[in-house]
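This report goes through one structure part by part. Keep the sequence and the 3D view open while reading.

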Amino acid sequence: MLRLLNIEFHKLKYSRSTKVLSIIYFGLFTLIALFASIRFNILGLDFQLADQGIFNFPYIWHFNTYFASYLKIFLAIVIVSMMSNEYSNRTLKQNLIDGMSKKEFILSKFYTVLVFSVISTLFIFIVSLVLGLIFSDYTEFSIIFSDLEFMLAYLVKLIGFFSFCMFLGILVKRSAFALGFLFVWWIFESIVIGILRFQIIGDSAKTAAITQFFPLESMANLVKQPITRLNVVQSAANQLQTDIISDYAVHWYQILIVLAWTAIFVWGSLKLLKKRDL
Amino acid sequence: MKTILTLNNLTKRFGPLTAVDNLSFKIEKGNVYGILGPNGSGKSTTLGMVLNVVNKTSGDFFWFDGNESTHNALKKVGAIIERPNFYPYMTAKQNLNLVCKIKNVKNAKIEEKLALVGLLDRKNSKFRTFSLGMKQRLAIASALLNDPEILILDEPTNGLDPQGIHQIREIIRKIAAMGTTILLASHLLDEVEKVCSHVIIIRKGVKLYSGRVDEMNASHGYVELKAENNDALISALENHTWFENIKLDPETNLVKAILTKPIEAENLNKMLFEKGIILSHLVKRKESLEQQFLELTKQNA
């Protein structure tokens, strides 16, 4: 395993675009955290995002993992291009001739996906922990370390998503087209969900029972939007006499669905590679 | 003798097209082999199959004694097929370091191999800045990193300028002189003739000949003759057991006859002189590989 990781990181570390994208990715993580903690002074109105309770433990675990996951698109570009560049440079062929098996090739890519996901999770954990310790109203040990399942959900979500990118990179062979395909797939899934919800089933709970098995939807389900959980929003809703009751929790079967997709994508990449003549 | 590669009825079909048809041969250690065939005859597909990048349709092949998986055996093989493929954003040295990691060998030999192909002074240049000839030489250096049991080269001089072709051939000869087994695929006959001891000729995926280059044609060569009276010459030749397949080339007005025995030119001249035919032109020739190759591929057309 170390040998395969070593090989893949050798390929990545000299690539300028990989370096730039990774720096942007981890840079934005920290920037967003900084931005949220800046005190704005708009027209004499003192405003700080951090005061709205978004950095309170344990809510911060949910809030940060949700917003950080938007940044995953930067790493997605890295993953897609590390797959498709092997095709366009024809280095995949040379790797195989040099004595790598097709299985080793896919594994080296998948291990890299795992490492990227783990590093991202560790990073968001540390950033959240620091922000929370600075701004949270509650800093009791038991509160800090509650709701940590969002970390696990975030990790699984990234692994699933990056495996999807890896599969698309192999399937489409061109990075731009693979990213385009990802976007088209996302629209396609949204349309299908919309049709199911409003035209065929007509009930959101029943629709969700089916659509939770869609690849991107299943990943989105892992960390649901945290906005309506905010005190400000909750109290506003109370004044409007509407109840927003959402299920924010991370469920084990949702994790299982994403893990199943991950397995399908990795297995599919290998099958695809084995079937193809290069 | 140690066998390096064995092919048994290896076949590859692309849809209705049979690119490689029941191909069988063996590569023994220490020889320099040429796979010869016109463009599109299945050379690259054959090499692709044994190198794990093209899936076979039927038949089988194995490396060495067949006890190892193909990808592990390939770690002991050096191969470049078609164009040289490296990571354009890495330098020559970084690329070779990566190959060492894949092949699981120490990277101590990188400088030595770069020196062998004359790229040592460019070791820190990015691959994308290389000319085609340099890329091809880097590919050879890369294939040699593990001191392979066999070096496989597919059209190594394709697309190069005369100087580049010369450099590559010099390198190949140097490597062959070190005792490395080489398998060279080419459609260039003089390349094979100059470098190889054995040849495998394929056309449309079918093997036409395999064996030593010098045994390829068992004939004793042919003679080109001319006399004042060509008709008398032809009838004299036809009545003699030394010759067969006597033809008059209308363009050059030369009579061409295949020899059935090893005949010295002097004896032939003397024999004809005794019959009252005085030659104004006498050339005895061995067919070149090119003529033999054309002959072979024509017969099977």
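This is a predicted model: local features need pLDDT of at least 70, side-chain atom pairs count only at pLDDT 80 or more; totals for chains, interfaces and linings use all residues.

## The largest cavity

Sorted by class, the residues lining the largest cavity are 5 nonpolar, 5 polar and 1 charged. A search of the whole structure turns up 1 cavity of 30 Å³ or more, and the largest cavity holds about 60 Å³ of space. Rolling a probe the size of a water molecule over the atoms is a way to show where empty space is left.

Which residues line the largest cavity? From chain A come Thr91(A), Gln94(A), Asn95(A) and Asp98(A). From chain B come Asn85(B), Phe86(B), Tyr87(B), Asn95(B), Leu98(B), Val99(B) and Ile102(B). Helix H5 (91-97) of chain A and H3 of chain B each supply at least two residues of this lining. H3(B) has the largest share, with 4 residues.

## The largest pocket

The volume of the largest pocket is about 1,100 Å³. It is lined by 34 residues, and those closest to its centre are Leu216(A), Glu217(A), Met219(A), Ala220(A) and Asn221(A). Several helices of chain A give two or more residues to the lining: helix H4 (72-88), helix H8 (149-172), H9, helix H10 (204-211), helix H11 (215-222) and helix H13 (252-275).

Which element gives the most to this lining? H9(A) does, with 7 residues. By class, the lining of the largest pocket has 16 nonpolar, 11 polar and 7 charged residues.

## Chain A as a whole

Chain A has 13 helices and 2 strands as its secondary structure. Its C-alpha trace spans about 65 × 45 × 40 Å along the principal axes. Chain A has 278 residues, and 49% of them count as buried.

Is Leu71(A) buried or exposed? Its relative accessible area is 9%, so Leu71(A) is buried, the cut-off for buried being under 20%. Leu71(A) and Val192(A) are 121 residues apart along the chain, and their C-alpha atoms are separated by 25 Å.

## A nonpolar patch on the surface

Six names belong to one nonpolar patch on the surface: Phe183(A), Trp186(A), Ile187(A), Ile191(A), Ile195(A) and Ile200(A). Together they have about 610 Å² of accessible area.

One of these residues, Ile200(A), is found in helix H9 of chain A, which covers residues 175-201. Why does Ile200(A) count as exposed? Its relative accessibility is 61%, and exposed means over 50%.

## Salt bridges

Side chains of opposite charge can pair when their charged atoms come close. Over all chains, a search of the whole structure finds 17 salt bridges.

One of them joins the side chains of Asp277(A) and Lys12(B), at 2.8 Å from N to O. This pair crosses between chains: Asp277(A) is in the segment after H13 of chain A, and Lys12(B) is in strand E1 (residues 3-14) of chain B. Asp277(A) is partly exposed, because its relative accessible area is 31%, while Lys12(B) has a relative accessible area of 6% and is therefore buried.

## Glu111(B) and its partners

The side chains of Glu111(B) and Lys93(B) also meet in a salt bridge, at 3.5 Å from N to O. Glu111(B) lies in helix H4 (residues 110-116) of chain B and Lys93(B) in helix H3 (residues 92-103) of chain B, so the pair ties together parts that are 18 residues apart in sequence. Glu111(B) is partly exposed, with a relative accessible area of 31%, and Lys93(B) is partly exposed, with a relative accessible area of 28%.

Glu111(B) forms a salt bridge with Lys123(B) too, where the closest N and O atoms are 2.8 Å apart. Here the pair links distant parts of the chain, 12 residues apart: Lys123(B) is in the loop between H4 and helix H5 (132-144) of chain B, and Glu111(B) is in helix H4 of chain B. Elsewhere, salt bridges that share partners join Glu8(A), Lys11(A), Glu86(A) and Lys109(A) into one network.

Note on methods
Residues are numbered from 1 along each chain as its sequence is written. Chains are lettered from A and ligands numbered from 1 in the order in which they are written. Side-chain values use heavy atoms; hydrogens and water are left out. Patches are made of residues with over 30% relative accessible area and no salt bridge: like charges are joined within 9 Å, nonpolar side chains (Val, Leu, Ile, Met, Phe, Trp, Tyr) within 5 Å. Accessible areas come from the Shrake-Rupley method with a 1.4 Å probe; for residues, only the protein chains shown count as cover. A salt bridge is a side-chain nitrogen of Lys or Arg within 4 Å of a carboxyl oxygen of Asp or Glu. Buried means under 20% relative accessible area, exposed over 50%, partly exposed in between (1.4 Å probe, protein chains only). On a 1 Å grid over the protein atoms alone, a cavity is a set of points where a 1.4 Å probe fits but cannot get out, and a pocket is an open set with protein on both sides within 12 Å along at least five of seven lines; lining residues have an atom within 4 Å of a point. Grid points are joined across faces, edges and corners, and a volume is the space filled by probe spheres set on the points. Ala, Val, Leu, Ile, Met, Phe, Trp, Tyr, Cys and Pro count as nonpolar, Asp, Glu, Lys and Arg as charged, and the others, Gly among them, as polar.
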